[in-house]
Structures are given as C-alpha cells and as structure tokens.
Amino acid sequence: MTEVFRALGDPTRRALLDRLHERNGQTLSELCRGLGMARQSVTQHLGILEAANLVAVVHRGRERLHYLNPVPLQEIQERWISKFDRPRLDAVSTIKKRAEENAMTKRPDYVYVTYIRASAETVWDALTSAELTAQFWGHSNVSTWEPGQPWKHVRTDGSGIADVTGRVVESERPTRLAITFEDPAGGTEPPSLVTFTIEEYKEIVKLSIVHENIPTPEDAEAAALGWAAVGSNLKSLLETGAVLPQAPWDMHAEIRDAQMRARD
C-alpha cells in the first residue's frame with residue numbers, strides 16, 4: 001500500500017492513470033503527448049506506477065502497451081472506503097468501457113497482474129493441475145497441456161460437464177501458457193484467448209493474465225470479476241496452503257449465473 005499511495009501522490013502520475021482510464025493500452029509516445037516533459041521523465045513516472053502494480057505493461061511486437069490495473073485501487077476501497085458506506089469504486093465499469101472502446105482492435109481486453117510468493121514451477125503446476133484448479137478455481141482444468149491439444153473446464157460435482165472448452169495455443173513451462181476459451185455448446189462467437197505469463201524474481205513471481213477478444217461487454221464484466229477472484233484464491237492457496245474461507249466468485253453469483261444462463 002505504501003508504494004500505491006506514493007505513486008498516487010504525484011499529479012503527473014495521476015494524470016497518466018486518468019489517460020489510461022480514458023483509453024487503455026497506450027504506448028509511451030502516446031502517453032507523452034501534451035504532458036510538456038521529457039520522455040525520460042514520463043518513463044520514470046510509469047516505472048513508479050508499474051512498481052506499485054497500478055500499471056501493467058504488455059509487449060506486442062516492438063510496442064510496449066500500458067494498461068491500468070484496477071486491483072490495488074479495489075483493495076484500497078475494500079479496506080477503507082467501503083467501511084464508510086461511500087460508493088464503491090467500480091473497477092468493472094472500467095473493464096466494460098475498455099472492452100467497448102477496443103472492440104475493433106487486437107489489443108488485450110483485460111489485464112490482471114498479481115505477485116505471489118512462490119516459484120514459477122509452483123505457479124505453473126497450480127495452473128495446469130486438475131486437482132489444484134478444482135480448489136482455487138472451482139473447476140478442474142483438464143488437458144495434456146501440449147500445443148494444439150484440447151482443454152476442458154470441468155465441474156467438480158462429478159457430472160463431468162465442461163462449462164468451457166478450448167485449445168492449448170502455447171505451452172512453455174514454466175513461463176507462458178496460452179489457451180482459447182470456447183463455448184462448449186458450439187456458439188458462433190470466435191474464441192477468446194487467455195495468456196498466463198509467469199515471471200520469477202528471487203522468491204516471488206509476477207503472474208500476468210491477459211484476456212483478449214472477449215465477445216461482449218457482459219462477458220468482459222464477468223471476466224473482470226472472475227480473474228480477480230481466481231487470482232486472489234490462487235495467491236492464497238500457494239502462500240498459505242489454503243484457499244480463501246469463502247469462494248470469492250460467490251460475491252458476484254448473480255453475474256456468473258446470468259452468464260451461465262446465456263450459454264444454456
């Protein structure tokens with residue numbers, strides 16, 4: 001939290017966050033326009049925002065695209081603001097707006113970043129283990145995890161029903177995994193793509209989840225809530241040996257249930 005408040009204490013950094021809120025996925029050159037300061041100074045400000053986990057950087061070819069990461073702001077409002085019954089900071093509206101604005105681009109629709117005290121191998125094993133995903137995700141992810149092979153997001157009630165299916169696009173243990181998300185009912189929407197990037201640094205890893213080509217604003221809203229819940233539960237499991245005492249996605253069950261009904 002100290003780094004977050006330090007980052008937010010500078011008006012230039014707040015202006016950069018405002019720009020990313022208005023239009024996410026900007027390059028350094030785009031963010032420099034109109035600021036009236038040297039490129040190197042803007043780079044330093046972005047570095048502080050990235051260190052505070054308020055900005056996530058995604059590489060697309062030679063470009064570095066900067067995205068607002070709402071998770072630390074959400075944690076602040078959950079810790080303090082909500083206690084005084086002030087309006088909740090709605091990270092979901094940011095994600096929905098981003099999905100609508102970037103619907104015609106190839107830039108990511110949603111970026112989630114968290115830091116976990118674990119090794120890259122441990123995080124990889126958790127993401128690809130049917131047993132562990134059942135614990136922190138509420139479904140078992142089943143696959144051989146070889147490129148081109150199918151994967152299934154299977155319910156844990158013994159029914160064998162897969163609520164999501166897809167293909168493994170990339171599999172580079174223990175640093176990168178990319179999978180498609182498809183409608184098992186065979187809908188007409190093109191599949192979305194989810195990429196997990198695991199970067200190890202000493203005793204921690206940076207886990208980035210990029211979800212591209214989300215079909216609708218409603219799906220983007222569900223993805224924003226879902227990835228925050230899954231990421232938090234995974235972090236708790238690997239750092240404490242136990243998932244959170246309540247399933248975090250149950251806080252937004254009505255959105256999840258509406259999404260499931262839309263698929264039926």
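Student: Is E212 buried or exposed?

Tutor: Happy to start there, with a note on the source: this is a predicted model, where local features need pLDDT of at least 70, side-chain atom pairs count only at pLDDT 80 or more, and totals for chains, interfaces and linings use all residues. Residues are numbered from 1 along each chain as its sequence is written, and side-chain values use heavy atoms, with hydrogens and water left out. Buried means under 20% relative accessible area, exposed over 50%, and partly exposed in between, with a 1.4 Å probe and protein chains only. E212 has a relative accessible area of 14%, so the answer is buried.

Student: Which residue does E212 meet in a salt bridge?

Tutor: A salt bridge here is a side-chain nitrogen of Lys or Arg within 4 Å of a carboxyl oxygen of Asp or Glu. For E212, the N to O distance is 3.0 Å, and the partner is R60.

Student: How many residues apart in sequence are the parts that R60 and E212 tie together?

Tutor: Strands (E, at least two residues) and helices (H or I, at least four) are DSSP runs, numbered from the N terminus. R60 lies in strand β1 (residues 55-60) and E212 in strand β9, so the separation in sequence is 152 residues.

Student: Which residues are linked with R173 in a network of salt bridges?

Tutor: R173 sits in the loop between β6 and β7, while E121 lies in helix α7; the side chains of these two meet at 2.7 Å, N to O. R173 also forms a salt bridge with D125, the closest N and O atoms being 2.8 Å apart. D125 is in helix α7 too. The network therefore links R173 with E121 and D125.
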